[in-house]
Amino acid sequence: MDIRFVTAGSGEVVAVMATEGGELLAAGKALDSASGGRIVKAMKAAGFKGGAGQIVEVLAPDGVDFQRVLVIGLGKPEAADGMGVERWAGHAVKRTLTAVEKLVLQPDALPGVAIAEAGAHAAMGARLASYRFDTYRTKLKPEQKPTLKAVEVVLEHTAAAKARAEVDAAIVEGVFFARDLVSEPPNVLYPESFAERLRDLETIGVEVEILEPAAMEKLGMGALLGVAQGSARPARLVAMKWNGSSVKKQKPFAIVGKGVTFDTGGISLKPGAGMDEMKGDMGGAAAVAGAMKAIALRKAKANVVGIVALVENMPGPNAMRPGDIVNTMSGQTIEVLNTDAEGRLILSDAVWYAQDKYEPVALVDLATLTGAVIVALGHEHAGMCANDEDLAHAITNAANAEGEPVWRLPLSAAYDKLIDTPNADMKNIAGKPVAGSIIGAQFIKRFIKDDTPWAHLDIAGTAWKPGPYEDPLSPAWATGYGVRLLNRLIANKYED
(Lines give C-alpha, C1' and ligand atoms only; values in the text may rest on other atoms or scores of the structure.)
Protein backbone atom coordinates (compact mmCIF):
# COMPACT_ATOMS: atom_id res chain seq x y z
CA MET A 1 0.00 0.00 0.00
CA ASP A 2 1.33 3.40 -1.04
CA ILE A 3 1.44 6.05 1.72
CA ARG A 4 1.68 9.66 0.54
CA PHE A 5 1.93 12.93 2.45
CA VAL A 6 0.11 15.74 0.66
CA THR A 7 -1.08 19.27 1.39
CA ALA A 8 -4.47 18.60 -0.21
CA GLY A 9 -6.11 15.22 -0.68
CA SER A 10 -8.63 13.83 -3.11
CA GLY A 11 -10.24 10.43 -3.34
CA GLU A 12 -13.28 8.33 -2.65
CA VAL A 13 -13.28 8.43 1.15
CA VAL A 14 -11.96 10.89 3.71
CA ALA A 15 -11.55 10.25 7.45
CA VAL A 16 -11.62 13.01 10.06
CA MET A 17 -11.36 13.16 13.84
CA ALA A 18 -13.92 13.84 16.54
CA THR A 19 -13.54 13.79 20.30
CA GLU A 20 -15.78 12.74 23.16
CA GLY A 21 -19.02 14.67 23.11
CA GLY A 22 -19.15 14.50 19.32
CA GLU A 23 -16.87 17.51 18.77
CA LEU A 24 -15.31 17.64 15.30
CA LEU A 25 -11.71 18.79 15.10
CA ALA A 26 -10.48 21.36 12.60
CA ALA A 27 -10.39 19.23 9.44
CA GLY A 28 -13.84 17.85 10.16
CA LYS A 29 -15.25 21.30 10.90
CA ALA A 30 -14.01 22.53 7.54
CA LEU A 31 -15.78 19.67 5.76
CA ASP A 32 -18.94 20.24 7.79
CA SER A 33 -18.92 23.92 6.88
CA ALA A 34 -18.51 23.05 3.20
CA SER A 35 -21.45 20.67 3.45
CA GLY A 36 -23.70 23.23 5.06
CA GLY A 37 -23.74 21.41 8.40
CA ARG A 38 -24.84 18.07 7.00
CA ILE A 39 -22.01 16.13 8.64
CA VAL A 40 -22.85 17.31 12.17
CA LYS A 41 -26.51 16.67 11.45
CA ALA A 42 -25.70 13.07 10.46
CA MET A 43 -23.55 12.63 13.58
CA LYS A 44 -26.42 13.73 15.82
CA ALA A 45 -28.91 11.53 13.98
CA ALA A 46 -26.63 8.51 14.52
CA GLY A 47 -26.19 9.25 18.24
CA PHE A 48 -22.46 9.72 17.73
CA LYS A 49 -20.64 10.41 21.03
CA GLY A 50 -17.02 10.47 19.87
CA GLY A 51 -15.90 7.41 21.81
CA ALA A 52 -12.62 5.84 20.72
CA GLY A 53 -13.28 3.83 17.56
CA GLN A 54 -16.89 4.94 17.12
CA ILE A 55 -17.63 5.65 13.45
CA VAL A 56 -20.25 7.60 11.56
CA GLU A 57 -20.26 7.24 7.78
CA VAL A 58 -21.78 10.14 5.84
CA LEU A 59 -22.62 9.33 2.23
CA ALA A 60 -22.14 11.89 -0.55
CA PRO A 61 -22.68 15.07 1.47
CA ASP A 62 -23.32 18.12 -0.73
CA GLY A 63 -20.43 20.54 -1.09
CA VAL A 64 -17.73 17.94 -0.33
CA ASP A 65 -15.54 16.38 -3.01
CA PHE A 66 -15.67 12.91 -1.45
CA GLN A 67 -18.16 10.10 -1.89
CA ARG A 68 -18.00 9.28 1.80
CA VAL A 69 -16.88 11.00 4.99
CA LEU A 70 -15.84 8.84 7.94
CA VAL A 71 -16.04 10.57 11.30
CA ILE A 72 -14.04 8.47 13.75
CA GLY A 73 -13.95 9.06 17.49
CA LEU A 74 -10.78 9.52 19.53
CA GLY A 75 -12.34 9.61 23.00
CA LYS A 76 -11.26 12.27 25.50
CA PRO A 77 -8.94 14.76 23.77
CA GLU A 78 -6.61 15.12 26.75
CA ALA A 79 -6.10 11.34 26.80
CA ALA A 80 -5.53 10.99 23.05
CA ASP A 81 -1.92 10.13 22.22
CA GLY A 82 0.09 8.85 19.27
CA MET A 83 -1.31 5.35 19.69
CA GLY A 84 -4.81 6.83 19.65
CA VAL A 85 -4.04 8.45 16.31
CA GLU A 86 -2.73 5.13 14.98
CA ARG A 87 -5.93 3.37 16.00
CA TRP A 88 -7.99 6.18 14.45
CA ALA A 89 -6.21 5.60 11.14
CA GLY A 90 -6.43 1.84 11.63
CA HIS A 91 -10.21 2.01 11.95
CA ALA A 92 -10.37 4.01 8.72
CA VAL A 93 -8.28 1.45 6.84
CA LYS A 94 -10.18 -1.53 8.24
CA ARG A 95 -13.42 0.13 7.10
CA THR A 96 -12.21 0.71 3.55
CA LEU A 97 -9.61 -2.00 2.89
CA THR A 98 -11.86 -4.10 0.66
CA ALA A 99 -14.13 -1.32 -0.58
CA VAL A 100 -12.13 1.48 -2.22
CA GLU A 101 -8.81 2.12 -3.96
CA LYS A 102 -7.88 5.35 -2.20
CA LEU A 103 -8.35 6.75 1.30
CA VAL A 104 -7.62 10.26 2.54
CA LEU A 105 -6.70 10.79 6.20
CA GLN A 106 -6.98 14.27 7.68
CA PRO A 107 -5.41 14.13 11.16
CA ASP A 108 -5.38 17.12 13.49
CA ALA A 109 -3.03 18.23 16.25
CA LEU A 110 -4.05 17.12 19.74
CA PRO A 111 -3.09 18.45 23.19
CA GLY A 112 -0.27 15.92 23.47
CA VAL A 113 0.44 15.28 19.80
CA ALA A 114 1.89 17.85 17.38
CA ILE A 115 0.51 17.84 13.85
CA ALA A 116 3.65 16.35 12.22
CA GLU A 117 3.69 13.61 14.85
CA ALA A 118 -0.01 12.98 14.26
CA GLY A 119 0.64 12.62 10.55
CA ALA A 120 3.41 10.08 11.10
CA HIS A 121 1.27 8.09 13.54
CA ALA A 122 -1.60 8.11 11.04
CA ALA A 123 0.69 6.62 8.41
CA MET A 124 1.93 4.01 10.88
CA GLY A 125 -1.62 3.04 11.84
CA ALA A 126 -2.67 2.79 8.20
CA ARG A 127 0.23 0.48 7.39
CA LEU A 128 -0.31 -1.79 10.38
CA ALA A 129 -4.06 -2.08 9.74
CA SER A 130 -3.49 -3.12 6.13
CA TYR A 131 -1.89 -6.44 7.12
CA ARG A 132 -3.47 -9.61 5.77
CA PHE A 133 -2.30 -13.22 5.79
CA ASP A 134 -4.05 -14.64 2.73
CA THR A 135 -1.25 -16.93 1.57
CA TYR A 136 -3.32 -20.10 1.63
CA ARG A 137 -6.74 -18.68 0.74
CA THR A 138 -7.47 -19.65 -2.86
CA LYS A 139 -11.21 -18.92 -3.05
CA LEU A 140 -11.57 -15.35 -1.86
CA LYS A 141 -14.64 -13.65 -3.27
CA PRO A 142 -14.09 -10.30 -5.02
CA GLU A 143 -15.62 -8.42 -2.08
CA GLN A 144 -13.17 -10.14 0.31
CA LYS A 145 -10.04 -9.08 -1.54
CA PRO A 146 -8.13 -5.91 -0.55
CA THR A 147 -8.63 -3.06 -2.99
CA LEU A 148 -7.04 -0.19 -1.08
CA LYS A 149 -3.91 0.83 -2.95
CA ALA A 150 -3.12 4.31 -1.66
CA VAL A 151 -3.54 6.38 1.49
CA GLU A 152 -3.00 10.14 1.45
CA VAL A 153 -2.21 11.86 4.73
CA VAL A 154 -3.09 15.55 4.53
CA LEU A 155 -0.81 18.03 6.33
CA GLU A 156 0.07 21.66 5.75
CA HIS A 157 3.77 20.83 6.09
CA THR A 158 4.79 17.28 5.17
CA ALA A 159 8.60 17.04 5.53
CA ALA A 160 8.86 16.13 9.24
CA ALA A 161 6.06 13.58 9.12
CA LYS A 162 7.47 12.02 5.97
CA ALA A 163 10.95 11.64 7.51
CA ARG A 164 9.57 9.90 10.59
CA ALA A 165 7.27 7.71 8.53
CA GLU A 166 10.22 6.40 6.53
CA VAL A 167 11.76 5.06 9.75
CA ASP A 168 8.39 3.73 10.89
CA ALA A 169 8.02 1.84 7.61
CA ALA A 170 11.08 -0.23 8.56
CA ILE A 171 9.49 -1.07 11.90
CA VAL A 172 6.29 -2.14 10.17
CA GLU A 173 8.32 -4.48 7.96
CA GLY A 174 9.66 -6.09 11.12
CA VAL A 175 6.17 -6.41 12.61
CA PHE A 176 4.83 -7.98 9.42
CA PHE A 177 7.76 -10.41 9.32
CA ALA A 178 6.91 -11.55 12.85
CA ARG A 179 3.20 -11.84 12.04
CA ASP A 180 3.92 -13.91 8.94
CA LEU A 181 6.12 -16.30 10.92
CA VAL A 182 3.51 -16.83 13.64
CA SER A 183 0.77 -17.31 11.03
CA GLU A 184 2.54 -19.98 8.97
CA PRO A 185 1.28 -23.55 9.42
CA PRO A 186 3.65 -25.94 11.22
CA ASN A 187 4.08 -28.18 8.19
CA VAL A 188 5.59 -25.17 6.40
CA LEU A 189 7.45 -23.48 9.26
CA TYR A 190 9.58 -25.87 11.31
CA PRO A 191 13.10 -25.49 12.74
CA GLU A 192 15.03 -25.96 9.49
CA SER A 193 12.73 -23.81 7.33
CA PHE A 194 12.49 -21.11 10.03
CA ALA A 195 16.29 -20.94 10.14
CA GLU A 196 16.52 -20.60 6.37
CA ARG A 197 14.06 -17.71 6.40
CA LEU A 198 16.30 -15.98 8.90
CA ARG A 199 19.28 -16.50 6.62
CA ASP A 200 17.54 -14.15 4.20
CA LEU A 201 18.28 -11.31 6.65
CA GLU A 202 21.85 -11.39 5.34
CA THR A 203 20.59 -9.43 2.32
CA ILE A 204 19.98 -6.39 4.60
CA GLY A 205 23.28 -6.61 6.47
CA VAL A 206 22.52 -9.01 9.33
CA GLU A 207 25.16 -11.66 10.04
CA VAL A 208 23.43 -15.03 10.43
CA GLU A 209 24.94 -18.16 11.96
CA ILE A 210 22.93 -21.40 12.13
CA LEU A 211 23.90 -24.13 14.60
CA GLU A 212 22.82 -27.69 13.81
CA PRO A 213 22.42 -30.50 16.38
CA ALA A 214 26.04 -31.70 16.19
CA ALA A 215 27.33 -28.23 17.06
CA MET A 216 24.81 -27.86 19.87
CA GLU A 217 25.69 -31.27 21.26
CA LYS A 218 29.36 -30.31 21.29
CA LEU A 219 28.43 -27.19 23.29
CA GLY A 220 26.52 -29.30 25.81
CA MET A 221 22.99 -28.06 25.01
CA GLY A 222 21.27 -31.13 26.43
CA ALA A 223 18.11 -29.29 27.48
CA LEU A 224 17.43 -27.79 24.04
CA LEU A 225 18.25 -31.02 22.24
CA GLY A 226 16.22 -33.01 24.77
CA VAL A 227 13.06 -31.13 23.82
CA ALA A 228 13.74 -31.71 20.12
CA GLN A 229 14.55 -35.42 20.30
CA GLY A 230 10.94 -36.60 19.94
CA SER A 231 10.56 -34.93 16.55
CA ALA A 232 11.68 -35.94 13.08
CA ARG A 233 12.50 -32.24 12.60
CA PRO A 234 15.98 -31.52 14.02
CA ALA A 235 16.59 -28.46 16.16
CA ARG A 236 18.33 -25.29 15.11
CA LEU A 237 19.83 -22.39 17.04
CA VAL A 238 20.20 -19.19 15.03
CA ALA A 239 22.36 -16.21 15.96
CA MET A 240 21.71 -12.93 14.13
CA LYS A 241 24.14 -10.03 14.56
CA TRP A 242 23.68 -6.39 13.64
CA ASN A 243 26.80 -4.27 14.05
CA GLY A 244 25.64 -0.67 13.74
CA SER A 245 27.49 1.04 16.58
CA SER A 246 30.27 3.48 15.82
CA VAL A 247 31.89 2.63 19.15
CA LYS A 248 34.80 0.29 18.62
CA LYS A 249 34.28 -3.17 20.14
CA GLN A 250 30.98 -2.13 21.71
CA LYS A 251 29.40 -5.14 23.43
CA PRO A 252 26.00 -6.03 22.00
CA PHE A 253 22.55 -5.94 23.50
CA ALA A 254 21.09 -9.47 23.35
CA ILE A 255 17.53 -10.57 22.63
CA VAL A 256 16.64 -14.25 22.89
CA GLY A 257 13.44 -15.88 21.68
CA LYS A 258 11.64 -19.16 22.32
CA GLY A 259 10.92 -20.86 19.00
CA VAL A 260 8.80 -23.97 19.49
CA THR A 261 7.40 -24.24 15.98
CA PHE A 262 4.75 -26.68 17.19
CA ASP A 263 4.09 -27.77 20.74
CA THR A 264 2.11 -30.93 21.38
CA GLY A 265 3.37 -30.96 24.96
CA GLY A 266 5.47 -34.03 24.18
CA ILE A 267 4.80 -37.05 26.41
CA SER A 268 2.90 -34.66 28.74
CA LEU A 269 0.44 -34.33 25.88
CA LYS A 270 -1.81 -31.28 25.65
CA PRO A 271 -5.59 -31.64 25.19
CA GLY A 272 -6.60 -31.81 21.55
CA ALA A 273 -8.96 -28.83 21.66
CA GLY A 274 -7.07 -25.70 20.65
CA MET A 275 -3.81 -27.51 19.97
CA ASP A 276 -3.75 -25.99 16.49
CA GLU A 277 -2.86 -22.67 18.15
CA MET A 278 0.45 -24.19 19.23
CA LYS A 279 1.87 -23.32 15.83
CA GLY A 280 2.25 -19.90 17.46
CA ASP A 281 4.47 -21.14 20.29
CA MET A 282 7.40 -19.56 18.47
CA GLY A 283 6.07 -16.01 19.02
CA GLY A 284 9.15 -15.04 21.02
CA ALA A 285 11.48 -16.12 18.23
CA ALA A 286 9.27 -14.30 15.72
CA ALA A 287 9.50 -11.09 17.77
CA VAL A 288 13.29 -11.36 17.91
CA ALA A 289 13.46 -11.99 14.15
CA GLY A 290 11.13 -9.07 13.44
CA ALA A 291 13.11 -6.75 15.68
CA MET A 292 16.36 -7.71 13.94
CA LYS A 293 14.77 -6.94 10.58
CA ALA A 294 13.46 -3.59 11.80
CA ILE A 295 16.76 -2.38 13.27
CA ALA A 296 18.67 -3.48 10.18
CA LEU A 297 16.28 -1.77 7.77
CA ARG A 298 16.44 1.50 9.71
CA LYS A 299 20.21 1.07 10.15
CA ALA A 300 20.18 1.39 13.93
CA LYS A 301 23.38 2.72 15.48
CA ALA A 302 23.66 -0.15 17.93
CA ASN A 303 25.19 -3.58 18.22
CA VAL A 304 22.48 -6.19 18.71
CA VAL A 305 22.54 -9.97 18.72
CA GLY A 306 19.34 -11.95 18.35
CA ILE A 307 19.32 -15.62 19.36
CA VAL A 308 16.42 -17.97 18.61
CA ALA A 309 16.16 -21.58 19.78
CA LEU A 310 14.05 -23.56 17.29
CA VAL A 311 12.52 -26.94 18.11
CA GLU A 312 9.39 -28.98 17.55
CA ASN A 313 8.02 -30.67 20.70
CA MET A 314 6.56 -34.04 19.67
CA PRO A 315 5.70 -37.33 21.47
CA GLY A 316 7.83 -39.53 19.22
CA PRO A 317 9.55 -42.80 20.13
CA ASN A 318 12.69 -40.94 21.23
CA ALA A 319 10.81 -38.22 23.11
CA MET A 320 12.03 -36.93 26.45
CA ARG A 321 10.10 -38.50 29.35
CA PRO A 322 8.84 -37.05 32.63
CA GLY A 323 11.56 -38.01 35.11
CA ASP A 324 14.45 -37.59 32.68
CA ILE A 325 17.43 -35.54 33.85
CA VAL A 326 19.21 -33.43 31.23
CA ASN A 327 22.51 -31.56 31.22
CA THR A 328 22.74 -27.95 30.08
CA MET A 329 25.43 -25.83 28.48
CA SER A 330 25.91 -24.06 31.83
CA GLY A 331 26.80 -27.36 33.52
CA GLN A 332 23.64 -27.37 35.62
CA THR A 333 21.24 -30.31 35.53
CA ILE A 334 17.46 -30.30 35.21
CA GLU A 335 14.93 -32.91 36.26
CA VAL A 336 12.13 -32.80 33.68
CA LEU A 337 8.84 -33.43 35.48
CA ASN A 338 6.62 -32.10 32.69
CA THR A 339 7.66 -32.16 29.05
CA ASP A 340 5.10 -29.44 28.29
CA ALA A 341 7.23 -26.97 30.28
CA GLU A 342 9.66 -27.08 27.39
CA GLY A 343 10.15 -23.41 26.57
CA ARG A 344 12.22 -22.78 29.67
CA LEU A 345 14.36 -25.81 28.81
CA ILE A 346 15.37 -24.51 25.39
CA LEU A 347 15.85 -21.00 26.78
CA SER A 348 18.20 -22.30 29.48
CA ASP A 349 20.73 -23.22 26.80
CA ALA A 350 19.95 -20.26 24.52
CA VAL A 351 20.43 -17.54 27.15
CA TRP A 352 23.61 -19.18 28.39
CA TYR A 353 24.96 -19.35 24.84
CA ALA A 354 24.13 -15.65 24.33
CA GLN A 355 26.05 -14.68 27.48
CA ASP A 356 28.95 -17.08 27.02
CA LYS A 357 29.67 -16.13 23.41
CA TYR A 358 28.71 -12.46 23.21
CA GLU A 359 29.06 -11.04 26.77
CA PRO A 360 26.10 -8.70 26.20
CA VAL A 361 25.54 -5.42 28.03
CA ALA A 362 22.04 -6.72 28.84
CA LEU A 363 19.75 -9.54 27.80
CA VAL A 364 16.00 -9.73 27.25
CA ASP A 365 14.25 -13.01 26.49
CA LEU A 366 10.76 -13.29 25.02
CA ALA A 367 8.63 -16.42 25.17
CA THR A 368 5.08 -17.64 24.89
CA LEU A 369 5.97 -19.39 28.11
CA THR A 370 2.91 -19.97 30.28
CA GLY A 371 -0.86 -20.13 30.16
CA ALA A 372 -0.70 -18.75 33.67
CA VAL A 373 0.21 -15.29 32.37
CA ILE A 374 -3.05 -15.23 30.39
CA VAL A 375 -4.98 -16.14 33.54
CA ALA A 376 -3.24 -13.28 35.36
CA LEU A 377 -3.11 -10.57 32.70
CA GLY A 378 -5.39 -11.67 29.86
CA HIS A 379 -4.41 -10.52 26.39
CA GLU A 380 -3.65 -6.93 27.36
CA HIS A 381 -0.21 -7.05 29.01
CA ALA A 382 2.86 -9.24 28.79
CA GLY A 383 4.30 -10.40 32.08
CA MET A 384 7.77 -9.07 32.91
CA CYS A 385 10.32 -10.24 35.46
CA ALA A 386 13.72 -8.59 35.77
CA ASN A 387 16.86 -8.58 37.90
CA ASP A 388 17.76 -4.98 37.04
CA GLU A 389 15.70 -1.89 37.91
CA ASP A 390 17.11 0.31 35.16
CA LEU A 391 16.39 -2.26 32.46
CA ALA A 392 12.89 -2.91 33.82
CA HIS A 393 12.13 0.81 33.81
CA ALA A 394 13.45 1.20 30.24
CA ILE A 395 11.32 -1.72 29.03
CA THR A 396 8.21 -0.31 30.69
CA ASN A 397 8.73 3.08 29.05
CA ALA A 398 9.32 1.53 25.62
CA ALA A 399 6.30 -0.75 26.03
CA ASN A 400 3.96 2.10 26.95
CA ALA A 401 5.20 4.29 24.11
CA GLU A 402 4.61 1.57 21.52
CA GLY A 403 1.26 0.25 22.74
CA GLU A 404 2.77 -3.09 23.80
CA PRO A 405 2.33 -2.85 27.58
CA VAL A 406 4.00 -5.01 30.22
CA TRP A 407 3.18 -5.70 33.86
CA ARG A 408 6.03 -6.47 36.21
CA LEU A 409 5.85 -9.60 38.33
CA PRO A 410 8.08 -10.30 41.35
CA LEU A 411 11.08 -12.57 41.77
CA SER A 412 12.22 -13.88 45.16
CA ALA A 413 14.07 -16.65 46.94
CA ALA A 414 10.75 -18.10 48.11
CA TYR A 415 9.61 -18.64 44.51
CA ASP A 416 13.04 -19.93 43.54
CA LYS A 417 12.94 -22.57 46.25
CA LEU A 418 9.89 -24.12 44.58
CA ILE A 419 12.03 -25.52 41.75
CA ASP A 420 14.56 -27.24 44.00
CA THR A 421 14.65 -31.03 43.74
CA PRO A 422 16.73 -33.71 45.51
CA ASN A 423 17.40 -35.44 42.19
CA ALA A 424 19.16 -32.67 40.20
CA ASP A 425 20.13 -29.01 40.41
CA MET A 426 16.52 -28.03 39.67
CA LYS A 427 13.22 -29.27 38.29
CA ASN A 428 11.35 -27.62 35.45
CA ILE A 429 8.02 -27.10 37.25
CA ALA A 430 7.04 -26.29 40.81
CA GLY A 431 4.78 -29.32 41.05
CA LYS A 432 1.87 -27.30 42.37
CA PRO A 433 -0.48 -24.83 40.61
CA VAL A 434 1.01 -21.62 41.99
CA ALA A 435 2.66 -18.56 40.41
CA GLY A 436 3.19 -20.32 37.09
CA SER A 437 4.58 -17.33 35.20
CA ILE A 438 6.92 -16.37 38.02
CA ILE A 439 8.19 -19.95 38.38
CA GLY A 440 9.05 -19.96 34.68
CA ALA A 441 11.03 -16.75 35.09
CA GLN A 442 12.79 -18.01 38.23
CA PHE A 443 13.87 -21.07 36.26
CA ILE A 444 15.38 -18.96 33.45
CA LYS A 445 17.05 -16.70 36.02
CA ARG A 446 19.17 -19.65 37.17
CA PHE A 447 20.90 -19.44 33.79
CA ILE A 448 21.56 -15.70 33.97
CA LYS A 449 25.01 -14.71 35.16
CA ASP A 450 25.16 -12.41 38.19
CA ASP A 451 26.64 -9.51 36.21
CA THR A 452 24.12 -9.63 33.33
CA PRO A 453 21.15 -7.21 33.46
CA TRP A 454 18.23 -9.38 32.37
CA ALA A 455 14.50 -9.25 31.79
CA HIS A 456 12.05 -11.96 30.82
CA LEU A 457 8.86 -11.19 28.89
CA ASP A 458 6.12 -13.82 28.94
CA ILE A 459 4.12 -12.96 25.81
CA ALA A 460 1.77 -15.96 25.77
CA GLY A 461 -1.26 -13.64 25.94
CA THR A 462 -0.03 -10.97 23.56
CA ALA A 463 1.80 -12.75 20.71
CA TRP A 464 -1.55 -13.83 19.36
CA LYS A 465 -5.08 -12.87 20.31
CA PRO A 466 -8.53 -14.38 19.74
CA GLY A 467 -11.15 -12.51 17.73
CA PRO A 468 -12.96 -10.65 20.53
CA TYR A 469 -9.69 -8.89 21.36
CA GLU A 470 -9.06 -7.70 17.81
CA ASP A 471 -7.33 -4.34 17.60
CA PRO A 472 -7.61 -2.16 14.46
CA LEU A 473 -3.83 -2.24 14.19
CA SER A 474 -3.54 -6.01 14.05
CA PRO A 475 -5.40 -9.09 12.88
CA ALA A 476 -7.23 -11.40 15.26
CA TRP A 477 -4.35 -13.85 15.32
CA ALA A 478 -0.66 -12.93 15.08
CA THR A 479 0.07 -9.46 16.49
CA GLY A 480 3.83 -9.18 16.08
CA TYR A 481 4.00 -8.16 19.74
CA GLY A 482 7.50 -7.36 20.91
CA VAL A 483 8.96 -5.96 17.69
CA ARG A 484 8.01 -2.36 18.42
CA LEU A 485 8.90 -2.68 22.09
CA LEU A 486 12.37 -4.06 21.36
CA ASN A 487 13.03 -1.54 18.62
CA ARG A 488 12.10 1.37 20.91
CA LEU A 489 14.13 -0.07 23.79
CA ILE A 490 17.19 -0.29 21.55
CA ALA A 491 16.63 3.22 20.18
CA ASN A 492 16.15 4.70 23.65
CA LYS A 493 18.90 2.93 25.54
CA TYR A 494 21.47 1.17 23.37
CA GLU A 495 22.09 3.36 20.31
CA ASP A 496 25.08 5.69 19.99
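This report describes the pockets, nonpolar cores and strand pairing of a predicted model.

## Largest pocket

Sorted by class, the lining holds 16 nonpolar, 9 polar and 10 charged residues.

Several secondary-structure elements contribute to this lining. Strand β10 (253-263) and the helices α10 (343-358), α11 (372-377) and α14 (436-445) each provide at least two residues.

## Second largest pocket

The second largest pocket contains about 400 Å³ of space. It is lined by 21 residues, with R87, G403, E404, K465 and D471 closest to its centre. Two or more lining residues come from each of the helices α3 (82-96) and α5 (159-183). The lining of this second pocket divides into 7 nonpolar, 6 polar and 8 charged residues.

## Nonpolar cores

The largest nonpolar core consists of 72 residues, and M240, M292, V364 and I395 have the most contacts inside it. Helix α9 (residues 283-297) supplies the largest share of this core, namely 10 residues.

The surroundings of V364 can be listed in detail. Leaving aside residues up to four places away in sequence, V364 touches F253, A254, I255 and V256, together with L391, I395, A455, L457, L486 and L489. One of these partners, I395, is itself among the residues with the most contacts inside the largest core. A second, separate core has 48 residues, including A223, L237, A254 and M329.

Helix α6 spans residues 191-199, and its buried residues are P191, E192, S193, F194, A195 and L198.

Residues three or four places apart in an α-helix point the same way, because the helix has 3.6 residues a turn.

Strand β11 is mostly covered, with 11 of its 11 residues buried. N303, V305, I307, A309, V311 and N313 point one way from the strand, while V304, G306, V308, L310 and E312 point the other way; both sets are buried.

Strand β11 is paired with β9 in the antiparallel sense over 8 bridges, and R236 has L310 as its bridge partner in β11. The pairing of β11 with β10 is parallel and involves 10 bridges. In that case, V260 has V311 as its bridge partner in β11. Strands of a sheet pair through backbone hydrogen bonds, in either the parallel or the antiparallel sense.

## The three-stranded sheet

An open sheet of 3 strands has the order β12-β13-β17, with mixed pairing. Strands β12 (325-327) and β17 (426-427) lie at the edges and have a single partner strand each, so one side of each is left without a neighbour in the sheet.

Strand β13 (residues 333-335) pairs with β17 in the parallel sense over 2 bridges. In this arrangement, E335 stands opposite K427 in β17.

Methods
Residues numbered from 1 in each chain as written. Predicted model: local features only at pLDDT ≥ 70, side-chain atom pairs only at ≥ 80, totals over all residues. Heavy atoms only, no water. Helix = DSSP H or I, 4+ residues; strand = E, 2+ residues; numbered from the N terminus. Nonpolar A, V, L, I, M, F, W, Y, C, P; charged D, E, K, R; others polar. 1 Å grid on protein atoms, 1.4 Å probe; cavity = no way out; pocket = protein on both sides within 12 Å on 5 of 7 lines; lining within 4 Å. Points joined across faces, edges and corners; volume = space filled by probe spheres on them. Core = buried A, V, L, I, M, F, W, Y, C linked by side-chain atoms within 4.5 Å. Buried < 20%, exposed > 50% of the residue type's maximum accessible area, 1.4 Å probe, protein only. Contact = heavy atoms within 4.5 Å. Pairing = 2+ DSSP bridges.
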